[in-house]
Amino acid sequence: MTASGSRLILPLAALFFACFVAPLLVLLALSLHSDVAMKAWTIGNYAKFFTDPFNYSILVDTLLLGVKATLVCLIFGYPIAWLCARASARWQSVLLFLVILPILTSVVVRTFAWIVILGRQGVLNQIAMGLGLVHEPLRLLNTEMGVVMVLAQVQMPLMVLPILTVLSKMDPNLADASRVLGAGEWRTFWKVTLPLSLPGIIAGCILTYSANITAFVTQSLIGGARLIYMPLHIYQQAVGANNWPFAAAISIIFMMAVIAVVAVLSVFARASETYGRA
Amino acid sequence: MTSSIERHSFNRRTLIKAASASTFALAAPRLSWGQSKTLVAATFPGTWSEADRQIILPAFKAQTGASVTQSIVLGTDQISRLVAAKGNKPPFDVAFFDAPQVIDAVRDGLIAEYPAAQSPNFKDLLPAAQNKWGPKITMQVIGIGYNPDKIKTPPTSWEDLWDAKYKGRVGLTALNSQLGIAFIAELNRIRGGTDDNFDPAFKALRELLPNVGAIGANLGAFATLWQQGEIDIAPYNFNFVQTLKAKGVPVEFAIPSTGPVGWSTSLHVVAGATEPELALQYIDLHLSAAIQEQMLKPPFDVIPTNAKVKLEGAITKSLAKTQDDLAKVRTFDWAKLNPQRGALIDRFNREIKV
């Protein structure tokens with residue numbers, strides 16, 4: 001980058017520093033104090049978090065919730081992306097619109113719609129009972145399974161779009177070559193298409209994972225107050241209990257945990273890119 | 001990058017001009033909007049934000065020419081926002097608090113003393129409602145909400161919630177809502193606890209768990225549980241029952257045999273408010289007999305605090321025939337309960353799990 005080029009990023013860098021880095025430093029400082037006035041330094045908030053199994057069980061539950069919802073997203077999202085990439089230009093725009101559609105409505109609206117679907121007298125239970133599959137309505141609201149289902153749908157576009165981008169950039173000759181050399185459809189998919197789409201898969205996983213574990217609205221509306229994940233925990237400590245230093249500490253811990261997971265995925269991403277080029 | 005800009009003879013000056021023109025275009029509607037004054041008033045989600053929007057806002061506009069921007073947040077959230085903005089411009093001019101938040105707000109210097117002398121309707125309030133930090137505009141009462149389609153005999157006691165026939169049908173709210181805290185405090189009192197010892201309440205809640213179908217993370221989610229038929233019986237607020245009923249949801253309100261229990265709700269001028277004059281007028285409007293009579297009508301059924309307003313409607317059916325009956329509604333010792341809120345939320349999260 002030239003000197004004038006680097007000067008061009010200065011405004012953005014300043015904005016980023018003022019609106020993101022600086023508040024984050026304040027948060028970090030607050031987490032290291034015992035009071036809001038920030039008079040006495042302490043690591044007590046962190047000690048409190050890690051000496052209490054209740055706290056880190058919430059952290060583990062949250063990180064696992066992200067893994068489950070991301071996997072469901074991937075399992076359903078990959079075929080959609082694959083279909084989109086293969087479709088004719090006109091169908092592709094229709095499918096793409098359907099994929100993006102959820103982003104166009106507010107997450108609160110989407111989540112409330114899911115309450116209607118998952119409820120005891122909801123659409124899903126009525127279908128299941130009408131078909132005689134179950135006799136008692138299934139409990140889906142206020143369960144982790146319900147949260148995973150809704151998160152997977154709500155965050156689906158974040159998975160589909162990166163995979164679609166990679167798949168549609170892929171040279172179709174590669175698949176043809178594979179077939180000419182005697183590989184069947186499945187073998188071509190496992191040996192050629194899937195490895196080449198890894199960067200897209202990993203990008204999608206990073207996006208959906210971080211969106212899933214921080215989805216305060218969906219987690220608390222579908223999960224209710226019995227299933228406590230980190231965002232609700234932070235909210236309760238900050239607003240309900242008015243314990244800002246502790247809320248700040250668990251926010252920092254949560255952020256570090258997310259960064260660690262994303263960092264691991266990024267290492268995979270880099271490795272898969274070299275694989276793609278080779 | 002630089003070369004392409006030069007090639008299109010797009011120099012820095014034209015760029016800045018274009019940028020400032022578009023900024024002005026964006027700001028323009030705001031400028032014309034700002035000509036009439038705007039008051040920012042906090043209000044609660046549900047009954048109160050709707051009643052304010054339908055009754056207060058048009059009357060306020062007619063009286064002052066100013067408009068109101070509603071900031072719809074719970075009392076505890078308002079405290080957090082005011083604390084966060086301390087020393088700066090506060091995020092709203094009028095605070096809308098339940099009794100416990102008033103104590104915290106006075107302690108932290110978040111609200112100004114109410115200029116009662118300049119508020120013509122203040123003297124018409126019941127003596128108990130004339131608080132010097134801000135007038136009480138209503139009272140909220142909790143009892144048992146139930147679905148009359150599913151429960152034919154109205155419940156008569158809190159103990160009914162523990163009845164085995166309501167397995168999986170009882171609802172609760174998290175303790176960050178006033179409803180949640182008030183219910184656990186009342187339950188604790190009935191089961192023989194004191195404000196220093198909540199063991200009896202938590203023991204009772206653990207015994208209730210088999211009956212609990214869902215715990216709403218907030219009051220909006222709780223209302224949805226009723227609408228979707230997820231729960232049939234739960235501690236609920238008199239006004240929320242009326243609001244849901246008006247929307248066609250099958251829900252009724254019963255007062256348990258241990259008597260009604262509640263707390264006052266009040267309005268306050270925020271310390272350092274941008275529009276203190278308008279804030280005073282807005283609060284005074286809430287106190288007028290004419291307005292409180294309108295608020296008393298369904299679907300809001302807001303309990304009045306103006307002594308001139310005669311009780312009528314749903315209130316007289318289940319709650320109180322006269323203002324004297326309302327004075328008998330038992331209240332809580334918030335000065336003792338407030339400091340425990342954090343610990344109670346924490347304990348609820350740990351002990352009342354699936």
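Chain A folds into 15 helices and 0 strands, where helices (H or I, at least four residues) and strands (E, at least two) are DSSP runs numbered from the N terminus. What you're looking at is a predicted model, in which local features need pLDDT of at least 70, side-chain atom pairs count only at pLDDT 80 or more, and totals for chains, interfaces and linings use all residues. As for the labels, residues are numbered from 1 along each chain as its sequence is written, while chains are lettered from A and ligands numbered from 1 in the order in which they are written.

Along its principal axes, chain A's C-alpha atoms fill a box of roughly 70 × 70 × 35 Å. Of the 278 residues in chain A, 34% are buried. A residue gets that label if 20 or more other C-beta atoms lie within 10 Å of its own; it is exposed if 12 or fewer do, and partly exposed in between, with C-beta atoms placed from the backbone. Now for contacts: two residues are in contact if their C-beta atoms, placed from the backbone, lie within 7 Å. Among chain A's contacts with a separation of 6 or more, 72% link residues 24 or more positions apart.

Next, the meeting of the two chains. Here 27 residues of chain A touch 25 residues of chain B. On the chain A side, the elements giving two or more residues are α1 (3-8), α6 (107-118), α13 (216-223) and α14 (230-240). The top contributor is α14(A), with 5 residues. Sorted by class, that side has 13 nonpolar, 12 polar and 2 charged residues. In this sorting Ala, Val, Leu, Ile, Met, Phe, Trp, Tyr, Cys and Pro count as nonpolar, Asp, Glu, Lys and Arg as charged, and the others, Gly among them, as polar.

Over in chain B, have a look at strand β4 (residues 136-146), where 11 of its 11 residues are buried. Its partners are listed below; two strands pair if DSSP finds at least two bridges between them.

| Partner of β4(B) | Residues | Sense | Bridges |
|---|---|---|---|
| β9(B) | 261-269 | antiparallel | 6 bridges |
| β7(B) | 233-237 | antiparallel | 5 bridges |
| β8(B) | 252-254 | antiparallel | 3 bridges |

To find these pairings on screen, start with T138(B), whose bridge partner in β9(B) is T265(B).

Helix α3 (residues 47-64) and helix α10 (residues 276-287) of chain B pack at an angle of about 130°, their axes 10 Å apart. Axes are lines fitted to C-alpha atoms, for helices over the stretch in contact, and angles run from 0 to 180 degrees between N-to-C directions. That angle makes α3(B) oblique to α10(B). From α3(B), I56(B), A59(B), F60(B), Q63(B) and T64(B) meet L278(B), Q281(B), Y282(B), L285(B) and H286(B) of α10(B). By class, this contact has 6 nonpolar, 4 polar and no charged residues.

Finally, zoom in on L296(B), which lies in helix α11 (residues 289-296) of chain B. Is L296(B) buried or exposed? L296(B) counts as buried because it has 21 C-beta neighbours inside 10 Å. Beyond its neighbours within four places in sequence, L296(B) is in contact with D301(B), V302(B), P304(B), V309(B), E312(B) and G313(B). G313(B) is 17 residues away from L296(B) along the chain, and their C-alpha atoms are 7.8 Å apart.

Definitions and conventions
Angles under 35 degrees count as roughly parallel, over 145 as roughly antiparallel, 65 to 115 as roughly perpendicular and the rest as oblique.
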